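Please open the structure in a viewer and keep the selection panel at hand. The tour below moves from one selection to the next.

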Amino acid sequence: MDPESAQLQQAQLAAILGPDPSPFETLISHLMSSSNEQRSQAELIFNLCKQTDPDSLSLKLAHLLQYSPHAEARAMSAILLRKQLTRDDSYVWPRLSPSTQSSLKSILLSCVQREDAKTISKKLCDTVSELASGILPENGWPELLPFMFQCVSSDSPKLQESAFLIFAQLSQYIGETLIPHIKHLHALFLQCLSSSSSSDVKIAALSAAINFIQCLSNPSDRDRFQDLLPPMMRTLTEALNCGQEATAQEALELLIELAGTEPRFLRRQLVDVVGSMLQIAEAESLEEGTRHLAIEFVITLSEARERAPGMMRKLPQFISRLFAILMKMLLDIEDDPAWHSAETEDEDAGETSNYSVGQECLDRLAISMGGNTIVPVASEQLPAYLAAPEWQKHHAALIALAQIAEGCSKVMIKILEQVVTMVLNSFQDPHPRVRWAAINAIGQLSTDLGPDLQVQYHQRVLPALAAAMDDFQNPRVQAHAASAVLNFSENCTPDILTPYLDGIVSKLLVLLQNGKQMVQEGALTALASVADSSQGHFQKYYDAVMPYLKAILVNATDKSNRMLRAKAMECISLVGMAVGKEKFRDDAKQVMEVLMSLQGSQMETDDPTTSYMLQAWARLCKCLGQDFLPYMSVVMPSLLQSAQLKPDVTITSADSDNDIEESDDESMETITLGDKRIGIKTSVLEEKATACNMLCCYADELKEGFYPWIDQVAPTLVPLLKFYFHEEVRKAAVSAMPELLRSAKLAVEKGLAQGRNESYIKQLSDYIIPALVEALHKEPDTEICASMLDALNECLQISGSLLDESQVRCIVDELKQVITASSSRKRERSERAKAEDFDAEEGELLREENEQEEEVFEQVGEILGTLIKTFKASFLLFFDELSSYLTPMWGKDKTAEERRIAICIFDDVAEQCHEAALKYYDTYLPFLLEACNDENADVRQAAVYGLGVCAEFGGAVFKPLVGEALSRLNVVIRHPNALQSDNVMAYDNAVSALGKICQFHRDSIDSAQVVPAWLNCLPIKGDLIEAKVVHDQLCSMVEISDRELLGPNNQYLPKIVAVFAEVLCAGKDLATEQTTSRMIHLLKQLQQTLPPSTLASTLSSLQPQQQLALQSILSS
């Protein structure tokens, strides 16, 4: 800036901060200007004032707040002051002189006393709270609390309200600073809630009390406030009795917050509180908004699983009342003519806000309460609805069934006959909206109660849906029947679907030619799903179906038909995948021509075609494999563009009055993070997620063929490992990581990488693996954590040998972190199990949540296995550090799955590190021996396998334990149910371990007994990996004419021949090709050496097919 403008600027600032108030007032009014230019100019000057002279600026704002006659100038000053006193980048308080600080504090308090305008009062309280939350904990404002207590005891309702508003915010920001005043505050809240005549004061007191209760961590402190509940509830009921519904709604919103965060505070008075709420919900004279909030309160309590598990299940009579209220809300539906005209937009024509709240709350109630609570209530109430004459009641019953199915699935599956009959009877209802609701219920039940429903009732459900497709008077019913076929077939195996294909496909082809677009769209999605579920069985319909699909693709070109064309793409690509490359190849070329021309055209941003086209291309690639490579240059540029879309985000402060327009814009989703409210355009996120998934598909399908794109795709996807706006985007990025590495490795190995060598793989691996580890560290979702570990393991299998020590160190440190985090999540859950109302259903849900932790630990075990196999003994340094994290997993208090994984990790160490692992035997072998007889078969299998490994590599260290090992193995092998499907893997591994002991510790056993006992167990047929090892060992022992194996006078030879025969008859399953040819060679030798009569009697003891097989081998 040249000196002249600098001087000008100085003069301007001096004037604004000078004694004449008007330049400053002008600046403030410009900050509120609607002209962007004037506003941004003013912001620039304001910030300069702040940098150069924060003292004067703050005092000027305070002066304006105190004396300006213009309400909006006072309001703006309060807001600007609050911003300067907020502890973020613009925090000026520490830069102010002590005298300015002291003036500000006293001016703020005197304004609280003097300000009459209610909206400004509230903003002032915000400013005071903001400053206090920064300086009160360090005792920087000793006058504040006495001032507030004085306001509360004054007789001015305005001051009382202001003090409570500040208390409410301070409880939120710095509650612990107020806890020493708990007695005094309790008395004030109680007095005000009980006796204040002003509803505003009561609401402010209610807000302060609820915020304060939430900041009390000590239960006995919270209990002290129990006596506030009755006056809190009275605040609500009195407001309703006086017709002040706006006040009542404020009170309800505060109580809902309390129910969500401190549900157990309500426990002792639950019956009264919930009773009052249901009364409000039942009162038809009240506004809908009020009744909906009362319902929200009860549902919130039902959902408070983490904090008050099982509490609401103790009140079955209330659940029944609430269910009845929600059922009544479903009756609030009109028979709107727009519904019958079946134009796509009017799907919910005639539905009211009551109806949609009823629908949503039934779903939430069922999920939170579970089937054992809800199904009896539904069974009691729904029959009356179905028996009533009004169509609305039939409709309500069917909608309710569909809504509760997800939460009640386990219980509803047990009474499937009743449920299905109830729904199918309504397929004949005279009213089309009821028939629609019945079809809708079948679709929903197919999803929530599948595949049980499909397996048991296909012969009733599919014909009913097929008949509904003939309802030409009611196109919306037809279209919905087609959609239900989609839900049904998604959970269905080809053998169930195939017998019905003739009928269903021919009807869908009729619907494809229907005049109504929604019917055509329904038919397309159903055809796509049926093809996808029946796979090769769809071949016979291909020639009939494909011409129609291509015609739609080519002709549906105007804007109104966009969705139709998009669904035709989806259908063609799924049909192509179902019938396979040979059948589809010629049509595929034409279809890709159409897609290529569309790809080149300009599409509008909201055009659904884009997303469908991305998926269709990827399916075509899966179908055509390497033949798809020539099209990649067409597909990739726009795919990368979609994957790189920036999320469309708007951020406002959570308490700002100008919320993001709460319009009916379905495509906006809002989340609140701290004090920011973030609005995100979901359509953009969905397109981005689809694109990321497709990139993963191409890399997976094309392998080395994907190589040319890696340099663009890796930098696109790696940063998305931490894309927290959308889970699907993260999941896709995670799945793609190993695919990219694999593609690069194959391209280098096959010489397709334009001269790049292994250093390129290392470079890519050095980019991907640390990024995965870092993302894992920050991942909030347990399921995605498990996927990240899985992907990391795959990456290590591809390029683990290229890691350096510091990278391995990072991975090991992260694994420690993962185990610790998982344990603490489990600890929190077990705390939940101590709650007074914890019941069996909560226990079941808890187990399901903990299964995810097992998944996480299993992936940790897999990664350790990979690292041990890759680095062998040099990894043991890290293994030693991890052992304190792993040993607890052997404990009796751990689940069987956790014990199994811990054993497998040790098995890997012993197997890969040989002598270097001997030092661990003392610690681990006692565990291993004990686990051989664990009640869980998978644990037994891992333990007996480990014994075999230790027998093979343990040498002298293992020798003293041979006796105990034999008796442990003996228990497994001789168990009466040893060969049942659950136990056979443990049995086979025990036999294999016994073989290892015979091979490596013959001098420590009574071999004349043990070796024949081992032979007697052969062949093993369950664990095909061990089978190959064991049968190879048998071969080697026969080749050296092992004395104990053949027995005195070769008496065990017939058994050996029988084993060989059974192994040879099983094809490649039980022995490698090499072992097989050795066995044949041995049998031919035996033919030469054995007396013919011995051979004949051996053969005659075999099963007929084995005799034949042996004779053909011996004669060839």
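In which hand of crossing does α27 pass α29? The crossing is left-handed, a term used if the near helix is turned anticlockwise from the far one by less than a right angle, with clockwise giving right-handed. This is a predicted model, in which local features need pLDDT of at least 70 and side-chain atom pairs count only at pLDDT 80 or more, while totals for chains, interfaces and linings use all residues. Residues are numbered from 1 along each chain as its sequence is written, and side-chain values use heavy atoms, with hydrogens and water left out.

Select residues 501-512 for helix α27 and residues 539-555 for helix α29; their axes come within 11 Å and cross at roughly 15 degrees. Therefore α27 is roughly parallel to α29 (angles under 35 degrees). Axes here are lines fitted to C-alpha atoms over the stretch in contact, and angles run from 0 to 180 degrees between N-to-C directions. Helices are DSSP runs of H or I, at least four residues, numbered from the N terminus.

Next, display the side chains between these helices: Leu501, Asp502 and Val505 are among the α27 residues that meet α29, where the partners include Tyr541 and Ile552. Contact means heavy atoms within 4.5 Å.

Move to Gln169 in helix α9 (residues 157-178). At 14% relative accessibility, Gln169 is buried (under 20% relative accessible area, 1.4 Å probe, protein chains only). Leaving aside neighbours within four places in sequence, Gln169 contacts Cys125, Asp126 and Ser129.

Finally, select Cys623, also buried, at 10% relative accessibility. The structure holds zero disulfides (pairs of cysteine sulfur atoms within 2.5 Å).

Conventions. Helices (H or I, at least four residues) and strands (E, at least two) are DSSP runs, numbered from the N terminus. Angles under 35 degrees count as roughly parallel, over 145 as roughly antiparallel, 65 to 115 as roughly perpendicular and the rest as oblique. Buried means under 20% relative accessible area, exposed over 50%, partly exposed in between (1.4 Å probe, protein chains only).
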